[in-house]
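Here are my notes for you, written as numbered points. Keep the model open while you read, and look up each residue as it comes along.

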Amino acid sequence: MIPAAFDYYRPNNMDEVIALLQEHGDDARVMAGGHSLIPMMKLRMAEVPHLIDLQSIEGLNAIEVKDGQITLGAMVTQHDLIDHDGIAAAAPILREAALQIADPQVRYMGTIGGNVANGDPGNDMPGVMQCLDAQINLVGPDGPRTVAARDYYEAAYMTDRADDEVLVSVSLSAPTGGYAYEKQKRKIGDYATAAAAVQITNSEGKVASASIAMTNLSDVPVWSEEAGAALVGTSCDTDALGAAVAAMLGDIDPSEDNRGPVAFKRHVAGVILKRAVTRAWDRA
Amino acid sequence: MTDKMHIKLKVNGEDKEFLAEPRELLIYALREKLNITGPHVGCETSHCGACTVTLDGKSVKSCTMFVAQANGAEITTIEGIGEPDALHVLQESFREHHGLQCGFCTPGMITRATKLLEENPNPTEEEVRFGMAGNICRCTGYQNIVKSILSAASEINAAKEAAQ
Ligand SMILES: Cc1cc2nc3c(=O)[nH]c(=O)nc-3n(C[C@H](O)[C@H](O)[C@H](O)COP(=O)(O)OP(=O)(O)OC[C@H]3O[C@@H](n4cnc5c(N)ncnc54)[C@H](O)[C@@H]3O)c2cc1C
Ligand code: FES
Ligand code: FES
C-alpha cells in the first residue's frame, strides 16, 4: 500500500502552516499523529500533494489544568492524556475515554486535535467533547476563533473548520459529578458499535443535571438535550432510564455497516446508554 | 514523483543517513534501505504490531509512519535489544516459557514489552494483556506470551532489589 507522492513540510510556526494552507488550498493538509490520515492515504482515499506535519510547532502539546479550566493542546496524544494526573483528577471521563481508543501504539501517536478535527463519526473524542460542552479553538488567516463542540460537526468529515484553519486546542470547564464513557466494540482497536459519554450531578438523591452524547450512531456525534432532560429531577430509576433511551433513539440515525444492521445498532445504543448512565449515577 | 529527501535517523545507537521519498513508510526504510529486518510487515494496516519499534520513547507501528515524519528520530528495533549470546531478559524469558511458536510476531512483541515494563515495571496479568493489545499473535494463544512478560518483570525486579 503505497500512498500517492507528496511534498513534505515540517514548519516550526503556525504562520508558516497557514501560509502553506493558503498557498495550496485543497491540495494541502495538516498531519498530527497521522493515524487516521496515513491509513486513508495508503488506501488512496485521501490524496495530499502537500503534507504539513505539525510535530515541530511549539506550544501545541501542553495540557493545562487551572482554576477549574482545562486546555488541551491539539498535539496532546491520547497517551499523554492517560498519563496526566491532573486530568485524571479534573476530568476523569477524558482518561476513561482515551483508554478505550485503539491500542497502546496508536495512543502514543493519535492526538486530541486529530481526533476532534478528523470528523470521522467513529472517533470517540467528539462525543466526549460535546458531552463536556467543550470549545474548539481554531486559528486561520483572520486570527483565532472559537466554536462550541456541539456546533462543530456538520456531516461525516465535514466540520465548521475552514480549509485554511488549524485546530490549536480544545478547552473546557472541569466537569462535576459522576461520569462514564461506555463503549461497545468488537475487539480492541475497533471503532464503536455504539458508545455513550455521560456526565451527571446528584442533588440529594435526584439528578440535578445530565449531559449525554453518543458516538458512531449518526454521521456526526449526537448530543441529545432531551435524553439529558429526561433524567433531571428523577432518581435514575428504570422509568427515567427508559425515557432517556427513548429520547436518544429519537435523535440517532445509525446506518448499516459491518458492525451490524440498523435495528441491532439501535438496540446496542439503548443497552450502552443505560450502562453509561447507571455507572455515572453510581459515581455522582 | 517528488524529490527525495535527505533522511537522518539514529537506529540502535548508530547514525544512518540516506535518501528517500517522503511517502516511504518507515518499516520499508528500515527493512529495505537499512537492512534492519527484525521489525516485520504483518498487516500493513496498523493492526498487528509486528512492525513495532521504539521511536523517541514511544512504541509505534512503523507501517503507519512516513519516513519523513521519523526524520531526526532515535529508533530502537529488536536488533538493538540484547545480543545472540547475551539475550535480553525478555528474550530469555520468551525462550524459557515458549512465548513464541513461528516467531513472526516476536520482534514486535518483545520491542513493545520492553517499553511496557519500562513504564510499568510491576504489571498485573491484566495490565500486560491491556498493554500488549496492539500486538497480534496467530500461534500461541497469548498465554505463554503473558507468562514470559510477567516472569521477565519479576526477574528484572529481583535483580534490581539484589543490586540495592
Ligand atoms: C488501528 C487503529 C484503531 C483506531 N481506533 C480508534 C478508536 O477506537 N477511536 C478513535 O477515536 N480513534 C481510533 N483511531 C484513530 C486514532 O485515534 C487517530 O489517531 C485519531 O483519530 C486522529 O488523530 P491523529 O493525530 O492521528 O490525526 P491525523 O491522522 O494526523 O489527522 C486526521 C485528520 O485531522 C486533520 N487534523 C489533524 N490535526 C489537525 C489540527 N490540529 N487542525 C486541523 N486539522 C487537523 C488532518 O488533516 C486529517 O484530516 C484508530 C486508529 C488506528 C490506526
Ligand atoms: S504491519 Fe504494522 S501493524 Fe501490522
Ligand atoms: S508466534 Fe507465530 S504469530 Fe506469534
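1. Let's begin with a pair to find on screen: which residue of chain A forms a salt bridge with B:Lys61? The partner is A:Asp103, and the closest N and O atoms of the two sit 2.5 Å apart. The count of salt bridges between chain B and chain A is one. Bear in mind that you are looking at a predicted model.

2. Chain B has a mean pLDDT of 97, with 99% of its residues at 70 or more.

3. Now for the place where the chains meet. On the chain B side, 34 residues are in contact, and they touch 33 residues of chain A. The size of an interface is often given as the accessible area lost when the parts come together. Here, chain B and chain A bury about 2500 Å² between them, and 62% of that is on carbon and sulfur atoms. Within chain B, the residues that lose the most area to chain A are B:Arg23, B:Phe66 and B:Gln69, which together make up 26% of what that side buries.

4. Polar contacts are worth a look too. Between chain B and chain A, the count is 15 residue pairs in polar contact, with both residues at pLDDT 80 or more. Which parts of chain B supply at least two residues each to the side that touches chain A? They are β4 (58-61), α2 (67-70), α4 (106-119) and α5 (125-131). The largest share, four residues, comes from β4(B). Sorted by class, that side of chain B has 12 nonpolar, 14 polar and eight charged residues.

5. Next, a couple of backbone angles to check. Most residues other than glycine have a negative phi, and most peptide bonds are trans. A:Arg44 has a positive phi, near 60°, and is not a glycine. You'll find A:Arg44 in the loop between α2 (37-42) and β3 (50-53) of chain A. Its relative accessibility is 47%, so A:Arg44 counts as partly exposed.

6. B:Asn12 is another one to check: its phi is positive, about 50°, although B:Asn12 is not a glycine. Look for B:Asn12 in the loop that links β1 (5-11) and β2 (14-20) of chain B. B:Asn12 is partly exposed because its relative accessible area is 26%.

7. Let's stay with chain B and go to B:Gly42, in the loop between α1 (26-33) and β3 (52-55). With 45% relative accessibility, B:Gly42 counts as partly exposed. Setting aside neighbours within four places in sequence, B:Gly42 is in contact with B:Cys48, B:Ala50 and B:Phe104. From B:Gly42 to B:His6 the C-alpha distance is 27 Å, and the two are 36 residues apart in sequence.

8. Last stop: is B:Ile78 buried or exposed? B:Ile78 counts as buried, because its relative accessibility is 15% and the cut-off for buried is under 20%. B:Ile78 belongs to the loop between β5 (74-76) and α3 (89-96) of chain B. Beyond neighbours within four places in sequence, B:Ile78 is in contact with B:Gly38, B:Pro39, B:Gln91, B:Pro107, B:Ile110 and B:Thr111. B:Pro123, on the other hand, is 45 residues along the chain from B:Ile78, and their C-alpha atoms are separated by 22 Å.

Notes
Residues numbered from 1 in each chain as written. Chains lettered and ligands numbered in written order. Predicted model: local features only at pLDDT ≥ 70, side-chain atom pairs only at ≥ 80, totals over all residues. Heavy atoms only, no water. Contact = heavy atoms within 4.5 Å. Buried area = accessible area lost by both parts, 1.4 Å probe. Salt bridge = Lys/Arg side-chain N within 4 Å of Asp/Glu carboxyl O. Polar contact = N/O pair within 3.5 Å; in protein donor to acceptor, adjacent residues only side chain to side chain. Nonpolar A, V, L, I, M, F, W, Y, C, P; charged D, E, K, R; others polar. pLDDT = per-residue confidence, 0-100. Buried < 20%, exposed > 50% of the residue type's maximum accessible area, 1.4 Å probe, protein only.
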